[in-house]
Amino acid sequence: MESKYIPGSIEPKWQRYWADERVFEVEADLKRPKYYLLEMFPYPSGRCHMGHVRNYSIGDVVSRYKVMRGFNVLHPMGWDAFGLPAENAAIENRVHPNTWSRRNIEFMRGQLKRLGYSYDWRREFATCDPEYYRWEQKIFIEMFERGLVEKQKAWVNWCDKCNTVLANEQVEDGFCWRHGDTRVRQKQLSQWFFKITKYAEELLEFMEKLPGWPEKVLTMQKNWIGKSVGAMIHFKLERPYPDPETGGTIDRIVVYTTRPDTLFGATFMSLAAEHYLCEVLSRGTEQEAAVREFCERVRSEDKIKRSAEDYVKEGVFTGAYCLNPVTGRRMPIYVANFVLMDYGTGAVMAVPAHDQRDFEFAKKYQLTIIPVVQPADEAALDAATMTEAYEGPGTMINSDEYGGMGNEEFKKAIAARLEKEMMGGATVNYRIRDWLISRQRYWGAPIPIVYCEKCGTVPVRVTDLPVALPAEVEFDVTGGSPLPKLDWWMNTSCPQCGGPARREPDTMDTFVESSWYYERYASPHCDTAPFEQDEVEYWLPVDQYIGGIEHAVLHLLYSRFYTKVLRDLGYVKFDEPFTRLLTQGMVLKESYKCAEHGYLFPSEVKDLKCPSCGKAVEVGRKEKMSKSKRNTVDPEEMVNKYGADTMRLYLLFEAPPDKEIDWSEERIQGMHRFLSRAWSFAARQIEGMKESRWDDRVGADFMNGPADEKALYQKTHQAIKDVTDRIERWMFNTAIASLMELFNAMVSFEPGEGGGRERRRGLLRWSFERFLTMLNPFCPHFAEELWGELGYPASTFKLPWPDFDPAALKQEIFELVLQVNGKLRAKVEAPVDAGEDELKRIALGHERIQALLDGKKPRKVVAVVNKLVNVVI
Ligand code: ANZ
Ligand code: ZN
Ligand code: ZN
C-alpha cells in the first residue's frame with residue numbers, strides 16, 4: 001500500500017465505486033425498520049458554502065451510522081430551485097433562470113459528490129421541474145375547493161427590491177428578509193392567502209408532541225402564533241353609516257380586548273389608519289381632509305416602529321362617536337398611529353386609566369380618564385392625580401353593581417353578559433395572519449387560476465395541469481414579471497364556460513415548494529399523484545431533520561401547516577412532518593475592513609494593511625461567513641487541499657453540531673495530520689496484520705493475558721462503548737476524541753517479533769478493524785480504502801456496527817475501607833460504580849471480615865458508596 005496518505009487519489013475512486021455499486025439506493029421494505037434522515041435542501045445559488053457542508057456532514061454521519069445499525073435509511077437530496085436570485089441573474093446577465101439554475105445544480109451536485117455524501121441520487125429533483133409543481137398546483141386547487149386558500153384584499157408587505165409582496169414571516173423588524181437594507185412598504189392589494197390561521201390552535205397543540213425539537217424553535221413558533229384569550233365587544237355607532245363594501249349600512253365597531261374587565265373605563269375608541277371606517281366615518285365632515293392626510297402618513301410608516309413603546313402616540317378625531325355598551329357613554333372615535341390593522345380587529349376600546357398607550361393619548365388630547373380597577377393596599381386611584389396607567393390586577397370600582405368584585409372574576413362575568421346581550425363575548429385571538437403566497441415574479445410555480453368575465457375566478461381543470469411556466473420570455477430591466485405582458489400565455493379559455501379568460505399572472509411563494517418536498521422524496525417520480533400512498537406511509541414522517549434556525553417561523557412553520565393540509569386532503573396520515581429537529585450552529589470567521597475601501601478578502605490584506613491605501617485594517621469579530629463580509633472560506637478549495645474526509649472530520653470535531661464553529665485552517669491541518677498518522681500506522685503494520693489469522697480468536701481470554709494486551713483489548717471495548725454512546729447523543733466531537741484515544745493506544749502497542757507475535761498482531765488487527773469501522777461514518781473514503789487493504793472485498797457501507805463486551809470494560813477502581821464496629825480492619829479495591837449491595841457483598845466476602853464474624857450473622861451492615869462498609873457485630 002501507498003506509504004503516504006493522498007486523499008486525492010482515493011476519494012474519487014470510492015465515489016465512483018459507491019455510484020457503480022448503487023450502495024446508497026434504497027427501497028421501502030416493510031420487514032425492516034426505516035430511518036428517514038433529511039437535511040434542508042439547498043437553493044442552487046452557484047456553489048456550496050461552508051454552512052451547507054457542515055449541515056450535510058452532520059447528516060451523513062448519522063445516515064451512515066444508522067445504516068450500520070441495520071436501519072433502512074432514506075437520505076435524499078434535491079434542489080429548492082425557484083426564487084429570486086435566478087430571476088435577478090437573468091435580468092443582469094441575460095441568461096434564462098432555467099439555464100442559470102440547471103447549470104448551478106450541475107455544479108453543486110458535483111461538489112456534493114466530491115464530499116462523499118450517501119444520497120440516493122435517483123430521488124433527486126428540482127422544485128422547478130413541471131413534474132413537481134404540477135402536483136403543487138393540484139393541491140392548490142383542492143385547497144381552493146375546501147376554502148383553505150382565498151383571495152383577499154389586504155394591506156400587504158411590499159419590498160421594492162424584490163419587486164413583490166412578502167408574507168409576514170418574511171419581514172424582519174420591518175425589513176425584507178432578503179434585503180436587510182430595504183424597509184417593507186404597505187400596499188393594499190388583492191392577493192392569494194393560505195388559511196394558516198385555521199390551523200393556529202392545532203399548530204400550537206401539536207407542539208406538545210414534538211419533544212425532539214429544540215425548545216427555542218418551539219418558543220419562537222409559539223410567540224409567532226401568539227395566542228391570547230380575551231373578548232370581542234360591540235360598540236354601537238351613534239348613527240348608522242353607509243357601508244361602501246356591501247352597499248348596506250354599518251351600525252357598530254367590534255374590538256378585540258384582553259381586558260374586558262376595564263369596559264366601564266372605556267372612554268374613547270382608536271382605529272388603525274388602515275381601517276376602512278376611518279374614511280367612512282369622516283366622509284363629508286370637516287375632519288375629512290385631516291383624517292385622510294393622517295392616515296396616509298401613518299400607513300407609510302413601519303409597523304415595527306408603530307408598535308414600539310417609545311413611539312410618540314398621535315391621532316386625529318374622525319368626527320364620529322360610538323356608545324359604551326354598559327355605560328351608554330358617548331365615546332369619540334379617533335384614528336391612532338399605534339393601532340395596527342393586522343392584530344385583533346384593527347380597532348381598540350381605549351381605557352386610559354389602565355393602558356399606558358391610551359393614557360398618553362388621553363393626556364395629549366384631554367380625553368376622559370376613569371379608573372375602574374383598584375390595586376390592593378393602595379390609595380384610591382384618582383384620575384386627576386394619576387401619572388401613569390395602572391395595568392395590574394385589583395378590585396372593580398366605578399363599575400355599577402360589579403363594584404368590589406375581583407377583576408379576573410369580572411372578566412368572566414362581563415363576557416357572559418355581553419354574550420347574552422349579543423354585544424360580544426369571550427374569544428381567543430391569534431397574532432398569526434394568513435400566509436400570503438402570491439408573488440409578482442416570473443420564476444415560480446404559476447397559480448392555477450383563470451379569471452373569466454362570466455364565471456369569475458375559476459381553477460384550472462386538473463387534467464390541464466401543469467400550468468407550465470412559459471420558457472420564452474423577455475425580462476424587463478425594471479424587474480417586473482414578464483408574465484402579465486405575455487398575451488399568448490395570459491389569454492386562455494374558461495374551464496367552465498369555454499369563453500375567453502385571463503390567467504393569474506402571479507406565481508407561488510417558493511416556500512410552498514419547500515413545504516412538501518420531503519414528502520415527495522418517498523416517491524419522487526410518481527406521475528399519477530403527488531405521492532404513492534404506500535411509499536409515504538412507509539418512509540414518513542422524517543425521523544431527523546437538520547437545518548438552520550433561521551427557518552424557525554418560515555419553512556418549519558409552513559411545513560407543519562402544509563402537512564396538516566395534506567392530511568386533511570387525505571394524502572398523508574400523520575400530523576407532523578419532522579419527528580426530531582436539529583438546528584446546526586453556524587461557521588464563523590473574522591472579517592477585514594478598511595475604513596475607506598470596505599470589506600477585504602483575507603488574501604488581499606498584507607500585514608493588516610489595506611492593499612489600496614495602506615491604512616491599517618480593522619479586524620472584525622468572528623461572525624457568520626457571508627459573501628458581503630468577504631469572510632467566507634470555499635469548501636471546494638479546502639477539499640482540494642486536504643481531502644473530503646479531512647473537511648468532514650474537521651467540521652464534526654470542532655464543536656457539537658448545534659454550536660458555532662470558529663473557522664481555523666490550522667485546526668483543519670490538525671485533522672489532516674491525524675488521518676496521515678493513521679495512514680502511516682496502517683502502512684507500517686498492514687503486512688503483519690494481514691498475515692495473522694488470530695483476529696477472529698480475539699476474545700475474553702485477553703483479559704488474562706499480558707498487561708499491554710489486556711489494556712488494548714479493554715481500550716477497544718471502551719472506545720466502542722463511548723463512540724456509540726456519543727453518536728447516539730449527537731456528540732460527534734467527543735466520539736472522534738475517543739477514536740483518537742483508541743488510535744494512540746494502538747500506536748503504543750508493539751506487536752514485537754518474539755513469541756506470541758501472531759497473537760499480538762491478531763489483536764492489533766482486531767482493534768484496528770474496529771477503529772476503521774467506527775471511523776467509517778466520519779471518513780468513509782479513508783475507511784473503505786484501508787478496509788480494502790486489509791484484504792476485504794466488500795464495502796464498509798453496510799458493515800455492522802461493532803458491539804462491546806461490558807465485562808471487558810476497564811473498570812475504575814477505588815480503595816474501599818472495611819470497618820467492623822467502626823474500626824478500620826481492611827482495605828480492598830472495588831469498582832467505582834458499585835452500588836451499596838455490591839459493596840456489602842464485597843465486604844462480607846472478605847477473609848478478614850469473615851474471620852471476625854466467625855460464622856455469626858452481623859447485626860447491621862452499612863455501606864457508603866465510593867467510601868466504606870461498616871459491619872456491626
Ligand atoms: C382594552 C384594554 C384595556 C386593553 C387595558 C389593554 C389594557 P395582547 O395582550 O398583546 O393580545 N389591541 C387590540 N388590538 C390592537 C391593535 N390592532 N393594535 C394595537 N393594539 C391593539 O394585546 C391585546 C390588547 O392590545 C387589547 O386589550 C387592546 O387593548 C390592544 F386596560 O383593550 B386592550
Ligand atoms: Zn426584498
Ligand atoms: Zn367562464
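**Exercises on a predicted model**

Gly226 lies in the loop that joins α7 (215–225) to β8 (227–242); helices (H or I, at least four residues) and strands (E, at least two) are DSSP runs, numbered from the N terminus. The model is predicted: local features need pLDDT of at least 70, side-chain atom pairs count only at pLDDT 80 or more, and totals for chains, interfaces and linings use all residues. Residues are numbered from 1 along each chain as its sequence is written, chains are lettered from A and ligands numbered from 1 in the order in which they are written, and side-chain values use heavy atoms, with hydrogens and water left out.

**Exercise 1.** Determine whether Gly226 is buried or exposed.

*Solution.* Step 1: buried means under 20% relative accessible area, exposed over 50%, and partly exposed in between (1.4 Å probe, protein chains only). Step 2: the relative accessible area of Gly226 is 17%, so Gly226 is buried. Step 3: beyond its neighbours within four places in sequence, Gly226 contacts Asn429, Tyr430 and Arg431, where contact means heavy atoms within 4.5 Å.

**Exercise 2.** Classify the angle between α3 and α4.

*Solution.* Step 1: α3 (residues 84–93) and α4 (residues 97–114) pack at about 120°, their axes 8 Å apart. Axes are lines fitted to C-alpha atoms, for helices over the stretch in contact, and angles run from 0 to 180 degrees between N-to-C directions. Step 2: angles under 35 degrees count as roughly parallel, over 145 as roughly antiparallel, 65 to 115 as roughly perpendicular and the rest as oblique. Step 3: α3 and α4 are therefore oblique to each other.
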